[in-house]
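Please brief me on this protein model.

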Amino acid sequence: MTVSLFFKMLTATILSVFTVFTGGVNQVNMIGHRGFSGYYHENTALAFEKAAQYGFCGAETDVRVTSDGVYVTSHNAKIELKDGTELSIADNTYETLTSQPLKFKKTLDEVYLCTFKEYLEIMRDNDLICFIELKGEFNEEQITEIFTMAGEVYELDKCILQSFDFDNLVRAHELFPDLRIMLTYGETDKSYVKCFDYGFSIDADYRVIDEEMVEAFHSRGLEVAAYTANEFLALNYLKSLGVDYVESDRLWGIFA
(Lines give C-alpha, C1' and ligand atoms only; values in the text may rest on other atoms or scores of the structure.)
Protein backbone atom coordinates (compact mmCIF):
# COMPACT_ATOMS: atom_id res chain seq x y z
CA MET A 1 0.00 0.00 0.00
CA THR A 2 1.38 3.40 -0.96
CA VAL A 3 1.61 6.31 1.48
CA SER A 4 -0.75 8.29 -0.75
CA LEU A 5 -3.41 5.57 -0.65
CA PHE A 6 -3.10 5.27 3.13
CA PHE A 7 -3.78 8.97 3.64
CA LYS A 8 -6.72 8.84 1.23
CA MET A 9 -8.20 5.98 3.23
CA LEU A 10 -7.55 7.74 6.53
CA THR A 11 -9.23 10.92 5.29
CA ALA A 12 -12.22 8.93 4.06
CA THR A 13 -12.55 7.26 7.46
CA ILE A 14 -12.52 10.57 9.33
CA LEU A 15 -15.20 11.93 7.01
CA SER A 16 -17.21 8.73 7.41
CA VAL A 17 -17.19 9.00 11.20
CA PHE A 18 -18.42 12.59 10.89
CA THR A 19 -21.16 11.43 8.50
CA VAL A 20 -22.33 8.78 10.97
CA PHE A 21 -22.72 11.32 13.75
CA THR A 22 -24.61 13.72 11.49
CA GLY A 23 -27.06 11.02 10.43
CA GLY A 24 -25.99 10.60 6.83
CA VAL A 25 -24.73 7.03 6.54
CA ASN A 26 -24.37 5.82 2.97
CA GLN A 27 -24.99 2.21 2.07
CA VAL A 28 -22.83 -0.14 0.00
CA ASN A 29 -23.50 -3.72 -1.05
CA MET A 30 -21.23 -6.04 0.90
CA ILE A 31 -20.36 -9.27 -0.92
CA GLY A 32 -18.92 -12.20 1.01
CA HIS A 33 -15.60 -13.03 -0.64
CA ARG A 34 -15.76 -16.79 -1.23
CA GLY A 35 -18.65 -16.71 1.23
CA PHE A 36 -18.01 -15.62 4.82
CA SER A 37 -14.43 -16.81 4.42
CA GLY A 38 -12.94 -14.80 7.26
CA TYR A 39 -14.40 -17.31 9.70
CA TYR A 40 -15.51 -20.35 7.70
CA HIS A 41 -13.88 -22.53 5.08
CA GLU A 42 -13.94 -20.52 1.85
CA ASN A 43 -16.13 -21.53 -1.07
CA THR A 44 -18.08 -24.12 0.90
CA ALA A 45 -21.81 -24.42 1.47
CA LEU A 46 -21.25 -23.43 5.11
CA ALA A 47 -19.43 -20.22 4.12
CA PHE A 48 -22.22 -19.28 1.71
CA GLU A 49 -24.94 -20.02 4.27
CA LYS A 50 -23.12 -17.96 6.91
CA ALA A 51 -22.78 -15.05 4.46
CA ALA A 52 -26.56 -15.03 4.22
CA GLN A 53 -27.05 -15.47 7.96
CA TYR A 54 -24.79 -12.57 8.89
CA GLY A 55 -26.24 -10.06 6.46
CA PHE A 56 -24.11 -9.97 3.31
CA CYS A 57 -25.96 -8.86 0.19
CA GLY A 58 -24.32 -11.58 -1.86
CA ALA A 59 -21.47 -14.05 -2.08
CA GLU A 60 -18.62 -14.37 -4.54
CA THR A 61 -17.39 -17.77 -5.65
CA ASP A 62 -14.85 -19.29 -8.02
CA VAL A 63 -15.87 -21.99 -10.50
CA ARG A 64 -13.76 -24.90 -11.70
CA VAL A 65 -14.63 -28.18 -13.38
CA THR A 66 -13.72 -31.73 -12.31
CA SER A 67 -12.42 -34.43 -14.65
CA ASP A 68 -15.95 -35.84 -14.96
CA GLY A 69 -17.53 -32.49 -15.78
CA VAL A 70 -18.95 -31.39 -12.43
CA TYR A 71 -18.77 -27.65 -11.77
CA VAL A 72 -17.45 -26.95 -8.27
CA THR A 73 -16.55 -23.90 -6.21
CA SER A 74 -12.84 -23.53 -5.46
CA HIS A 75 -10.37 -20.68 -5.82
CA ASN A 76 -7.33 -22.94 -6.03
CA ALA A 77 -6.67 -25.55 -8.70
CA LYS A 78 -5.98 -28.08 -5.94
CA ILE A 79 -7.83 -28.93 -2.74
CA GLU A 80 -6.46 -30.42 0.47
CA LEU A 81 -8.43 -33.19 2.14
CA LYS A 82 -8.63 -33.78 5.88
CA ASP A 83 -5.78 -36.31 5.88
CA GLY A 84 -3.50 -33.86 4.03
CA THR A 85 -3.90 -35.36 0.57
CA GLU A 86 -3.74 -32.75 -2.20
CA LEU A 87 -5.83 -33.35 -5.30
CA SER A 88 -6.05 -31.47 -8.58
CA ILE A 89 -9.67 -30.62 -9.34
CA ALA A 90 -9.22 -30.90 -13.10
CA ASP A 91 -7.58 -34.33 -12.83
CA ASN A 92 -10.00 -36.03 -10.44
CA THR A 93 -13.65 -37.02 -10.36
CA TYR A 94 -16.14 -35.33 -8.07
CA GLU A 95 -16.53 -38.61 -6.15
CA THR A 96 -12.80 -38.73 -5.44
CA LEU A 97 -12.65 -35.06 -4.50
CA THR A 98 -15.46 -35.53 -1.96
CA SER A 99 -14.22 -38.80 -0.49
CA GLN A 100 -13.14 -36.87 2.63
CA PRO A 101 -13.93 -33.52 4.24
CA LEU A 102 -11.68 -30.59 3.38
CA LYS A 103 -8.83 -29.69 5.70
CA PHE A 104 -9.48 -26.54 7.73
CA LYS A 105 -7.92 -25.32 10.98
CA LYS A 106 -10.16 -22.45 12.05
CA THR A 107 -13.27 -24.42 12.99
CA LEU A 108 -14.19 -28.04 13.69
CA ASP A 109 -16.90 -28.08 11.03
CA GLU A 110 -16.60 -30.91 8.53
CA VAL A 111 -17.18 -29.47 5.08
CA TYR A 112 -16.82 -30.88 1.60
CA LEU A 113 -16.10 -29.49 -1.83
CA CYS A 114 -19.23 -27.60 -2.89
CA THR A 115 -20.90 -27.90 -6.27
CA PHE A 116 -21.82 -24.82 -8.26
CA LYS A 117 -25.44 -25.99 -8.24
CA GLU A 118 -25.44 -26.13 -4.45
CA TYR A 119 -24.03 -22.60 -4.34
CA LEU A 120 -26.83 -21.39 -6.61
CA GLU A 121 -29.46 -23.06 -4.46
CA ILE A 122 -28.16 -21.34 -1.33
CA MET A 123 -28.08 -17.98 -3.11
CA ARG A 124 -31.63 -18.52 -4.39
CA ASP A 125 -33.01 -19.56 -1.02
CA ASN A 126 -31.58 -16.42 0.57
CA ASP A 127 -32.17 -13.98 -2.32
CA LEU A 128 -28.47 -13.09 -2.60
CA ILE A 129 -26.44 -11.60 -5.44
CA CYS A 130 -24.14 -14.11 -7.16
CA PHE A 131 -20.61 -13.02 -8.07
CA ILE A 132 -19.41 -15.90 -10.26
CA GLU A 133 -15.73 -15.90 -11.19
CA LEU A 134 -14.55 -18.35 -13.83
CA LYS A 135 -11.03 -19.54 -13.01
CA GLY A 136 -8.97 -20.14 -16.13
CA GLU A 137 -10.24 -20.47 -19.68
CA PHE A 138 -13.75 -21.83 -20.31
CA ASN A 139 -15.06 -22.85 -23.71
CA GLU A 140 -18.47 -22.00 -25.17
CA GLU A 141 -20.01 -25.31 -24.15
CA GLN A 142 -18.90 -24.91 -20.53
CA ILE A 143 -20.07 -21.31 -20.33
CA THR A 144 -23.41 -22.33 -21.80
CA GLU A 145 -23.79 -25.10 -19.22
CA ILE A 146 -22.82 -22.86 -16.30
CA PHE A 147 -25.20 -20.02 -17.06
CA THR A 148 -28.01 -22.20 -18.31
CA MET A 149 -27.81 -23.88 -14.92
CA ALA A 150 -27.75 -20.48 -13.20
CA GLY A 151 -30.92 -19.47 -15.01
CA GLU A 152 -32.68 -22.73 -14.25
CA VAL A 153 -31.73 -22.96 -10.58
CA TYR A 154 -31.91 -19.24 -9.78
CA GLU A 155 -32.25 -16.17 -12.03
CA LEU A 156 -29.70 -14.79 -14.47
CA ASP A 157 -30.41 -11.21 -13.43
CA LYS A 158 -29.17 -12.11 -9.94
CA CYS A 159 -25.86 -13.34 -11.38
CA ILE A 160 -22.76 -11.38 -12.33
CA LEU A 161 -20.01 -13.11 -14.31
CA GLN A 162 -16.41 -12.21 -13.46
CA SER A 163 -13.08 -13.30 -14.88
CA PHE A 164 -9.50 -12.14 -15.42
CA ASP A 165 -9.71 -13.90 -18.80
CA PHE A 166 -11.27 -11.34 -21.14
CA ASP A 167 -12.07 -14.02 -23.72
CA ASN A 168 -14.33 -15.73 -21.17
CA LEU A 169 -16.28 -12.50 -20.86
CA VAL A 170 -16.62 -12.02 -24.61
CA ARG A 171 -17.79 -15.62 -25.13
CA ALA A 172 -20.35 -15.28 -22.36
CA HIS A 173 -21.58 -11.94 -23.73
CA GLU A 174 -22.17 -13.50 -27.15
CA LEU A 175 -24.04 -16.44 -25.61
CA PHE A 176 -25.98 -14.50 -22.96
CA PRO A 177 -26.30 -10.87 -24.13
CA ASP A 178 -28.28 -9.82 -21.06
CA LEU A 179 -25.87 -11.34 -18.53
CA ARG A 180 -24.20 -8.80 -16.25
CA ILE A 181 -20.44 -9.03 -16.73
CA MET A 182 -17.42 -7.66 -14.87
CA LEU A 183 -13.74 -7.75 -15.74
CA THR A 184 -11.69 -8.88 -12.75
CA TYR A 185 -8.87 -6.35 -12.75
CA GLY A 186 -5.69 -5.66 -10.83
CA GLU A 187 -3.60 -3.52 -13.17
CA THR A 188 -2.59 0.14 -13.03
CA ASP A 189 -2.27 0.79 -16.78
CA LYS A 190 -5.92 1.70 -17.45
CA SER A 191 -6.31 -1.23 -19.82
CA TYR A 192 -9.81 -1.49 -18.37
CA VAL A 193 -10.96 0.87 -21.14
CA LYS A 194 -11.54 -2.20 -23.35
CA CYS A 195 -14.59 -2.90 -21.18
CA PHE A 196 -16.39 0.08 -22.65
CA ASP A 197 -16.59 -1.44 -26.14
CA TYR A 198 -18.64 -4.33 -24.72
CA GLY A 199 -20.49 -2.64 -21.88
CA PHE A 200 -18.65 -4.64 -19.20
CA SER A 201 -18.48 -3.43 -15.61
CA ILE A 202 -15.40 -3.94 -13.42
CA ASP A 203 -14.37 -5.77 -10.27
CA ALA A 204 -11.02 -4.25 -9.34
CA ASP A 205 -8.41 -4.69 -6.65
CA TYR A 206 -9.31 -1.96 -4.16
CA ARG A 207 -5.73 -0.70 -4.22
CA VAL A 208 -6.00 0.39 -7.86
CA ILE A 209 -9.47 1.97 -7.74
CA ASP A 210 -9.57 5.75 -7.87
CA GLU A 211 -12.04 8.53 -8.63
CA GLU A 212 -11.22 8.49 -12.34
CA MET A 213 -12.00 4.78 -12.70
CA VAL A 214 -15.29 5.04 -10.81
CA GLU A 215 -16.38 8.04 -12.87
CA ALA A 216 -15.40 6.35 -16.14
CA PHE A 217 -17.66 3.37 -15.44
CA HIS A 218 -20.52 5.18 -13.73
CA SER A 219 -20.75 7.77 -16.51
CA ARG A 220 -21.45 4.88 -18.90
CA GLY A 221 -24.05 3.31 -16.64
CA LEU A 222 -21.65 0.52 -15.59
CA GLU A 223 -20.96 -0.81 -12.11
CA VAL A 224 -17.80 -0.87 -9.99
CA ALA A 225 -16.96 -3.58 -7.48
CA ALA A 226 -13.85 -3.80 -5.33
CA TYR A 227 -11.96 -6.77 -3.91
CA THR A 228 -10.82 -7.77 -1.25
CA ALA A 229 -11.20 -5.05 1.38
CA ASN A 230 -10.99 -6.30 4.96
CA GLU A 231 -9.69 -3.27 6.81
CA PHE A 232 -11.86 -0.49 8.20
CA LEU A 233 -9.85 2.20 6.41
CA ALA A 234 -10.18 0.47 3.05
CA LEU A 235 -13.93 0.00 3.45
CA ASN A 236 -14.46 3.67 4.25
CA TYR A 237 -12.28 4.72 1.32
CA LEU A 238 -14.31 2.63 -1.11
CA LYS A 239 -17.56 3.94 0.30
CA SER A 240 -16.33 7.51 -0.21
CA LEU A 241 -15.55 6.73 -3.86
CA GLY A 242 -19.10 5.52 -4.39
CA VAL A 243 -18.36 1.96 -5.52
CA ASP A 244 -21.39 -0.29 -5.92
CA TYR A 245 -20.05 -3.44 -4.27
CA VAL A 246 -17.28 -4.33 -1.83
CA GLU A 247 -16.03 -7.90 -1.55
CA SER A 248 -14.76 -8.74 1.91
CA ASP A 249 -13.83 -11.76 4.02
CA ARG A 250 -15.45 -9.95 6.94
CA LEU A 251 -18.58 -7.91 7.56
CA TRP A 252 -18.70 -4.45 9.06
CA GLY A 253 -22.29 -3.74 10.06
CA ILE A 254 -22.23 -0.08 9.12
CA PHE A 255 -21.63 -0.99 5.50
CA ALA A 256 -24.28 -3.71 5.14
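This is a predicted model: local features need pLDDT of at least 70, side-chain atom pairs count only at pLDDT 80 or more; totals for chains, interfaces and linings use all residues.

Residues are numbered from 1 along each chain as its sequence is written, and side-chain values use heavy atoms, with hydrogens and water left out.

**Whole chain**

- The protein chain holds eight helices and twelve strands. Both are DSSP runs numbered from the N terminus: helices are H or I with at least four residues, strands are E with at least two.
- Of its 256 residues, 50% count as buried. Buried means under 20% relative accessible area, exposed over 50%, and partly exposed in between (1.4 Å probe, protein chains only).
- Among contacts between residues at least 6 apart in sequence, 55% join residues at least 24 apart. A contact means heavy atoms within 4.5 Å.
- The chain exposes about 11,900 Å², and carbon and sulfur atoms supply 49% of that area. Accessible areas come from the Shrake-Rupley method with a 1.4 Å probe; for residues, only the protein chains shown count as cover.

- Strand 2 spans residues 58–65, and seven of its eight residues are buried.
- Two strands pair if DSSP finds at least two bridges between them.
- Strand 1 (residues 29–32) pairs with strand 2 in the parallel sense over two bridges. Here Ile 31 stands opposite Gly 58.
- Strand 7 (residues 129–134) also runs parallel to strand 2, joined by six bridges. Asp 62 has Glu 133 of strand 7 as its bridge partner.
- Strand 3 (residues 71–73) pairs with strand 2 in the antiparallel sense over three bridges. Arg 64 is bridged to Val 72 of strand 3.
- The hairpin of strand 2 and strand 3 has five residues between the strands, and Gly 69 takes a positive phi near 85° there.

**Largest pocket**

- The largest pocket contains about 230 Å³ of space. A volume is the space filled by probe spheres set on grid points, which are joined across faces, edges and corners.
- A pocket is an open set of points on a 1 Å grid over the protein atoms alone, where a 1.4 Å probe fits, with protein on both sides within 12 Å along at least five of seven lines; lining residues have an atom within 4 Å of a point.
- The lining has 14 residues, with His 41, Asn 76, Lys 78, Ile 79 and Glu 80 nearest the centre.
- Strand 4 (residues 78–80) gives the largest share of the lining, three residues.
- The lining divides into three nonpolar, six polar and five charged residues. Ala, Val, Leu, Ile, Met, Phe, Trp, Tyr, Cys and Pro count as nonpolar, Asp, Glu, Lys and Arg as charged, and the others, Gly among them, as polar.
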